[in-house]
Amino acid sequence: MVLLRYYINISALKRASNEPGMRLNHQKAPGTGTLLSWEEIRREPSVFDDRCTRTTLRGRTMDAGTGNSVGAVRRSKEDRKVLRKQLKASHTLLKHEGIRTTPQPTKTLVVANGGLGNGVSREELSAALGEMGELETLIMHPHKPYAFVTYRSEESARKAHVRLNGEKLECRESSVTLYLSYVNSVTCEEEVSVPLPDGLVLVEDFVSQEEEAVLLAAIDWSSTNDDFTAKKALKHRKVKHYGFEFRYDNNNVDKDKPLAAGIPQECLPFLERCVKNKHIDILPDQLTVNQYESGQGIPPHVDTHSAFEDTILSLSLGAMTVMEFRHPDGRLVAVVLPGRSLLVMKGESRYLWTHGITARKFDTVPARGPQSPARTAPDLSACSNLTLSKRDTRTSLTFRKIRHEPCGCAFPSACDSQVAPLAPPPPSPPSLPCCHADAALLEEEYVHRVYDAIASHFSSTRHSPWPRVCHFLSTLPAGAVLADVGCGNGKYLGVNPEVMAVGCDRSSALVHICAQRGFQAFVSDALRVPLRTASCDACISIAVIHHFSTQERRRAAVRELVRLLKPGGRALIYVWAFEQEYKKQRSKYLKEHPEKHSPTEDAQTGSSQEAHGESSIHTSRRLEDLQDATESKLSVHTNRTAFNTQDLLVPWHLKEGKKQVDEESREGERKDETKEKSQKTNTGFGSGLDTSAKPSASGDTTPTCGSALKSESEISAAPVFHRYYHVFQQGELEQLCGQEAGVTLQSSYHDQGNWCVILEKALGTDL
């Protein structure tokens with residue numbers, strides 16, 4: 001169907017509206033449309049072209065350009081919908097991105113919903129825009145839901161503005177509706193390169209296509225003799241070992257038990273060439289083969305120092321991918337690995353920088369492939385000449401030399417041979433789940449039961465709502481229905497008293513606290529909220545989704561939020577960020593020293609670091625009940641430090657006084673003897689209820705002079721609970737939300753160590 005679009009001469013309307021007795025009419029007209037109001041034009045003129053058409057004035061009808069009487073302008077229902085969406089897109093761009101549109105036609109357009117963040121590739125968008133005329137530039141920023149296009153002529157830009165507004169663009173895995181507005185100009189920044197980590201070398205086309213086929217054929221995945229090559233099926237990939245097995249339970253190798261299968265003979269020509277080209281000095285004796293399907297990856301890690309010698313070779317076969325190298329100080333270098341390329345890691349890049357592959361189906365890569373010099377990589381966070389690369393099957397061959405002496409590298413802080421552990425590791429930490437049942441059990445033990453146990457103490461640290469969440473809630477109109485999924489102690493349920501707010505949480509103890517504070521809340525799993533579909537104007541999920549232990553469950557949590565929203569409704573999502581230092585600004589979580597922070601304003605954990613003794617994992621069930629997994633064990637994070645892995649356990653040091661007071665409050669009145677005991681507890685180790693208690697440097701609440709102190713042994717025995725987290729890397733939350741049909745990513749941002757997005761459910765969506 002051809003859609004008619006009407007243009008208003010803005011200046012003529014302004015003159016006409018100032019004539020005595022003449023106001024623009026906004027009453028409904030019979031038929032399919034309504035009359036165009038001056039209020040609508042004044043609110044956002046940028047969607048109209050400054051060309052003459054007709055409008056209706058109260059008292060008489062006139063031509064906006066000549067003043068002659070004409071018929072009233074009416075627009076179809078579909079036109080009005082496109083106009084509303086275009087107005088909203090322009091408003092969103094101005095509010096969240098600072099992009100100001102203009103009413104006058106120019107050669108440059110901003111294309112809302114046409115960005116990499118919406119899953120639109122440069123090739124797909126360029127093909128659609130190119131049908132309207134010759135393109136001069138197409139700028140697509142990483143993770144953004146919009147793009148900028150500049151045409152060779154203004155006529156082509158006008159044509160695109162008319163024909164493509166409100167049109168659907170079919171992408172590989174979804175479709176988006178484009179909304180275009182004029183902008184005056186766009187600065188096309190020069191491509192920026194960042195230096196590769198010291199010791200890292202990338203050699204493209206190191207093997208030929210024929211050699212690639214030979215090497216892939218040498219890896220027999222159909223073999224049933226798992227002991228021969230130690231074949232494993234891990235959560236994120238398939239793996240085979242040759243020479244020696246790398247054991248993921250202790251991140252090391254058993255050097256006294258070589259495998260029956262050595263490195264395949266087909267690899268020898270490749271290795272001899274590496275020696276000839278001085279990439280290595282001696283031949284490796286261990287090979288690990290990883291096969292990644294689309295959507296799979298490997299967590300950030302450093303290959304164990306004590307297990308392998310310095311140089312590590314990684315040969316990429318099959319599809320392209322992006323490997324991210326991260327320095328302990330927060331620097332990030334994304335390296336595009338084309339098929340048949342060789343990556344050589346030596347020195348600092350091998351011993352100090354973590355490397356990993358984010359699990360996703362599309363990578364953001366330079367549009368013309370890697371063009372940077374050998375010692376640099378394109379800065380993907382600052383490039384505009386980017387596109388999406390769909391992942392396919394990739395096989396990596398990692399060659400290493402077994403180390404038989406302790407490592408003596410120049411990086412002792414990261415070396416397991418040179419640094420003794422500060423404290424004994426917790427007994428039998430759990431592994432990453434391999435299936436849905438394992439994931440549910442892990443979350444039950446390390447999320448649900450923990451929050452029920454620490455609810456009172458946790459609530460005492462959660463009294464200050466975050467400002468940008470409050471801003472989102474303040475924009476909701478009076479009478480709007482709000483669902484806070486994972487509401488905790490309900491601190492956001494009373495922010496906007498004009499809305500009808502209801503909360504839910506998996507912890508019955510936290511829901512009980514909500515009820516005590518007068519809020520409406522109920523116990524519910526975030527994956528199955530017992531509210532009707534399309535019943536909410538807005539949803540918030542603050543610090544919840546990072547507690548789900550698999551990609552599928554995290555996506556299901558987003559899908560459930562979308563299900564609850566009415567068409568046009570919005571959802572705000574916060575998750576903990578891997579990048580606690582962003583744009584050279586450290587988050588509050590890192591700013592305070594581990595032993596000098598207050599327990600009342602922890603950015604995420606809210607936990608107090610214990611000043612005394614050692615502690616162990618405190619769970620309500622034996623860890624052996626968790627099904628054995630072949631992936632590496634979850635590490636226990638040190639609070640107030642930068643993350644070195646995405647999946648981890650975060651300690652919560654429970655204050656015993658707070659736990660005891662919570663138990664006593666549920667039992668009602670006590671005898672005088674019991675009350676006296678409770679008072680001692682309150683003044684002893686930090687329930688925070690005694691007015692004489694003050695925060696200490698360690699973050700615990702300690703008594704003033706004259707108060708009874710607990711012995712050091714009693715303090716040491718305080719239980720430490722561990723909560724599971726998956727901390728999100730930059731762009732990961734946008735990618736996760738972009739997989740859901742029927743939603744638009746309005747904006748994304750970093751807020752004090754959290755990645756945040758605002759989603760809008762599309763009109764006409766029945767999900």
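This is a predicted model: local features need pLDDT of at least 70, side-chain atom pairs count only at pLDDT 80 or more; totals for chains, interfaces and linings use all residues.

1. Lys-168 has its place in strand E6, residues 168-170. Lys-168 counts as exposed because its relative accessibility is 60%, and exposed means over 50%.

2. Turning to salt bridges, the count comes to 22. One of them joins the side chains of Asp-205 and Arg-340, at 3.3 Å from N to O. This pair links distant parts of the chain, 135 residues apart: Asp-205 is in the loop between strand E10 and helix H6, while Arg-340 is in the loop between strand E19 and strand E20. With 18% relative accessibility, Arg-340 counts as buried.

3. Do have a look at helix H10 (residues 436-460) too. Glu-445 and Arg-449 are 4 residues apart in this helix, so about one helical turn separates them. Their side chains meet in a salt bridge of 3.2 Å, N to O. Glu-445 is buried at 5% relative accessibility, whereas Arg-449 is partly exposed at 31%. Both belong to a network of salt bridges that links Glu-444, Glu-445, Arg-449 and Arg-506.

4. Finally, visit helix H13 (residues 551-564), where Glu-560 and Arg-563 lie 3 residues apart, about one turn of the helix. A salt bridge of 2.8 Å, N to O, joins their side chains. Are these two residues buried or exposed? Both Arg-563 and Glu-560 are buried.

Methods: Residues are numbered from 1 along each chain as its sequence is written. Side-chain values use heavy atoms; hydrogens and water are left out. Helices (H or I, at least four residues) and strands (E, at least two) are DSSP runs, numbered from the N terminus. Buried means under 20% relative accessible area, exposed over 50%, partly exposed in between (1.4 Å probe, protein chains only). A salt bridge is a side-chain nitrogen of Lys or Arg within 4 Å of a carboxyl oxygen of Asp or Glu.
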